[in-house]
Amino acid sequence: MDPNRCIGCQACVQACSECDTHKGHSLIQLQYIDRPISVQTVPVVCLHCDSPTCAEVCPADAIKRTGDGVVQTARKPRCIACNNCVIACPFGIPKMNTEFELMMKCDLCYDRTSVGSKPMCASVCPSGALWFGTRAEIDKLRPRSRPINKFQFGQQTITTKVWMMVPHESPANHIDVTSAMDEEPTGRQGLLEEVFDEDH
Amino acid sequence: MSTLPSDPKTLIDAYGPHLAFMSGERVDTGTEPEKLVKTHCCFCGQQCGIQLKVKGNEVIGFEPWYDFPFNKGMLCPKGVKRYLQGSHPDRLLKALRRDPSSPTGFSEMRYDEAIARISGEINRIQTEYGNDAFALLSGASLTTEKTYLMGKFARMCLRTRYIDYNGRLCMVSAGAGNKKAFGIDRAANPWSDIQNAEVVWISGSNVAECAPITTNYVWQARENGAKIVVVDPRITPIARTANLYLPVKPGRDIALFHGILHLMIENDWLDHDFIENHTVGFDAVAANVREWTPKRTAEVTGISESSIRQAAELWGRARTSYLMHARGIEHSSHGVQNVLGAINIVLASGRIGRPNCGYGTITGQANGQGGREHGQKAEQLPGMRDIDDPEHRAYIASVWGMNPDDLPHAGVDAYEIFRKIDRGEIKGLLSICFNPKVSLPDSGLVARALDKLEFYVAIDFFLNETAFHADVVLPGSLQEEDEGVVTQIEGRVIKINKAVDCPGETREDWRIIQDIAAGVGRPQGFTFTSPREIFDELRVASKGYIADYSGITYEKIERQYGVCWPCPSDDHPGTPRLFEPGSWNPIAKGAGPFYFPDGRARFNVTTYTPPTEDVDDEYPVILTTGRVVSQFLSGTQTRRIGPLVEQYPEPRLEMHPRLAEKYGFRDGEPVIVESRRDSITLRAQIVKTIRPDTVFVPYHWAGKQSINRLTISAQDPISKIPEYKACAVRLKKESVAGSG
């Protein structure tokens, strides 16, 4: 994922519903960050966590991670539509399909990627905001940025199979809330200033 | 009289637009297609490669075509969902005749009866009022074979001078400017030259929404270190992360180019060798921009002086660059001047005709390039020949086997055709691949003119809003139901391959035209049995002149993933990059790389004039129009594809909060927008991404949502392109409309 490149065209959203494992249902969310002030959008696909929170909180053990690290849609016979995963996922990925009483999520187009093809979204994305390939290829193609796959949510550190491209110069993966408060920061003051400068 | 046979609501209820969604085998998991057909998207000028999944004579989905080099599998949302236009409930499967007594306004008729009726009416009108009383309007989404046939049909069969096409709303300013400066009308460089340019300059192009795949080329250039300059009244997605964003006031682009050239000269950021050896006219252009100081440029363009200086320095100091422009500068009553201004700063830099030194205009329609080369344009014969040039007339007449004296001379542009209908000079009309009631400006005139026609026949696969007026409608073919070539954004000729057969009584468009030629009693020259036969004649007709296709074959296209014209012989690989040092062309004959007898490019003196209708106290806000990514042109296809309509369901009136505050408008509130022509009501979208003196509305919708009811029919004097990008409007709250 390279949000800096996203143009909000929704080719990924439209192509997601063409994926043979969940035809007719798009499992990508593409959102404006704040349309009144910017056209910036971010496509949110599942990052396929190494230790998926969705699976950890599932009381029915319905969410499986394949041997090659793909976190699947809930198993129909097991899913009890309790919404635990929807609430727990720090990235907001799982969606409850109330018609099927089934949690559905991106499975990295398992029908395609398990046989060496690319996922639909990353195939069609015209701006390269979603891209599928190897670390060596992306390093060569995108010298301005670097991939990260470690995200911090409070005390929880999450590592993911899908990587996000961030600018080289940004040293941290998270911002501590106290940096923005009128008290001694525990986070990285410098980075925060940069972010705020960009905003204004 | 080609008035509406019924009220618009009845027509829409019967003929659409209705929305198609995935259903049946298109949504079933595990459906195996019978075949995958490698072809191209039916929408914009980029012509992305795509594979269509076919089962049971239906396109049931798509598969990315990773090997096609231009897009490598990438698609925009329109390309992804384009297959839903097939097997659509609105599809016309039979010929229709106007029938006010029918509950839908039309009745079905037999195809042969329709051809007989049409032929009879054409003969009657031409006998009674003269050949020029019957006009043709064609389109640039057709294959090149079809566009060639349309031009031939007008000139050879109907012998009318009045044919023009919807590229008149699209590529004509770019085309005219390119011909004046370079002697040829084609993007000068392949898109791969964008990726390693030091500076990418984008003027008047919402690349991300109108040419989405081009975004990846621009982003790749940035990865490689390029600086991106975007000139636009709105911060579009391509402008958001640009190194330099210049918020030009709509209609003032030429002033910016004057200001940039002024600073290039002042700072000696010029390629003197190139100017000296490969151009003429620099001194006059230099004198012309002397008074365009940064201060004056800033005053006229509404861009800050410091930004103008930064832009000039970025452009001036670059060693390699790519300049692109699109309708933003071309849709203007001085569109050709804007294009020439852009070319002047390219020529002064000397950065053209070399790797990573490029210039290109971004084609809008699928065959926006090929559709303007081979003779459906009012003033043109095949190969980009001139219809009023005696030698050109003689050559084409010899190919067609007719007396050159019988070839009609230049006609008039598409809008002027409607003015002539309005004045009673043209009595009959045939249209194909064109929906002028939605796409032409000041469309009230178009509706009025259509009502005055004695006979109007429309060929289309859906009953578009213009075709509502038709006396007879013939069911034409979708892109995937026929084969032929188109020429994409880079000048690359590529091949559309047939995926499914025409359903019901629909016919390939070229067969329909030939059936009419036979019907009017002049079938000579219209007895082709395949697109390949038409293409082979087109190759001969284009031979020896600028747009030379003579060395292109269907097989060579398949083998090479397309062939860039000019391609003058069988062993020629095509010409991806124009104007390379030492290159040969049929005009310069070795004298130089540009298409003039001396081989030199032309600097052209350009003049700044404000838009025809500038703002004033009465109409104080600038209206500009454009596209959204999920819709295409007049929406005949895309307003029928459910997932695309859901993505952006209705046109919004985009405005800056500062403007909204002045009137007290809130986001989402209905606002009346009114010009001197008409008014419509749209919901406000209040965003900081547009100039506070300008409102923006996309133009894809019909009826009460059609912004072209308000736009002005002012046209460029040379190219005749309409001024869609700037007219004056006023705004008011819907609630006070009655009292005001």
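**Chain B, loop by loop**

Author: Start with B:Pro566, which lies in the loop between strand 21 and strand 22 (601-602) of chain B. Keep in mind that this is a predicted model.

Reader: What is the peptide bond from B:Trp565 to B:Pro566, cis or trans?

Author: That bond is cis, with omega near 0°.

Reader: And the bond from B:Gly16 to B:Pro17, cis or trans?

Author: The bond from B:Gly16 to B:Pro17 is cis, with omega near 10°. B:Pro17 sits in the loop between helix 1 (8-15) and strand 1 (35-40) of chain B.

Reader: Back to strand 21. In what order do the three strands of the open sheet in chain B run?

Author: The order is 19-20-21, and the pairing is antiparallel. Strand 19 (484-487) and strand 21 (563-564) are the edges; each has a single partner strand, so one side of each has no neighbour in the sheet.

Reader: How many bridges between strand 19 and strand 20 of chain B?

Author: Four, with strand 20 covering residues 492-496. Within that pairing, B:Gly484 is opposite B:Ile496.

Reader: Switching to torsions. What is phi of B:Ser87 near?

Author: Near 50°, which is positive in a residue other than glycine. B:Ser87 belongs to the loop between helix 2 and strand 4 (95-98) of chain B.

Reader: What about phi of B:Asn356?

Author: Phi of B:Asn356 is near 65°, again a positive value in a residue other than glycine. Its loop runs between helix 15 (335-349) and strand 13 (357-361) of chain B.

Reader: Is B:Asn356 buried or exposed?

Author: B:Asn356 has 20 other C-beta atoms within 10 Å. The cut-off for buried is 20 or more, so B:Asn356 counts as buried. B:Ser87 has 18 within 10 Å and is therefore partly exposed.

Reader: Now the interface. How many residues of chain B are in contact with chain A?

Author: 34 residues of chain B, in contact with 29 residues of chain A.

Reader: Which elements of chain B give two or more residues to that side?

Author: Strand 3 (58-64), helix 2 (77-81), helix 6 (207-210), helix 7 (214-223), helix 8 (237-240) and helix 23 (642-647). Helix 7 gives the largest share, four residues.

Reader: How does the side of chain B that touches chain A split by class?

Author: That side has 18 nonpolar, 11 polar and five charged residues.

Notes:
Residues are numbered from 1 along each chain as its sequence is written. Chains are lettered from A and ligands numbered from 1 in the order in which they are written. This is a predicted model: local features need pLDDT of at least 70, side-chain atom pairs count only at pLDDT 80 or more; totals for chains, interfaces and linings use all residues. Two residues are in contact if their C-beta atoms, placed from the backbone, lie within 7 Å. Ala, Val, Leu, Ile, Met, Phe, Trp, Tyr, Cys and Pro count as nonpolar, Asp, Glu, Lys and Arg as charged, and the others, Gly among them, as polar. Two strands pair if DSSP finds at least two bridges between them. A residue is buried if 20 or more other C-beta atoms lie within 10 Å of its own, exposed if 12 or fewer, and partly exposed in between; C-beta atoms are placed from the backbone.
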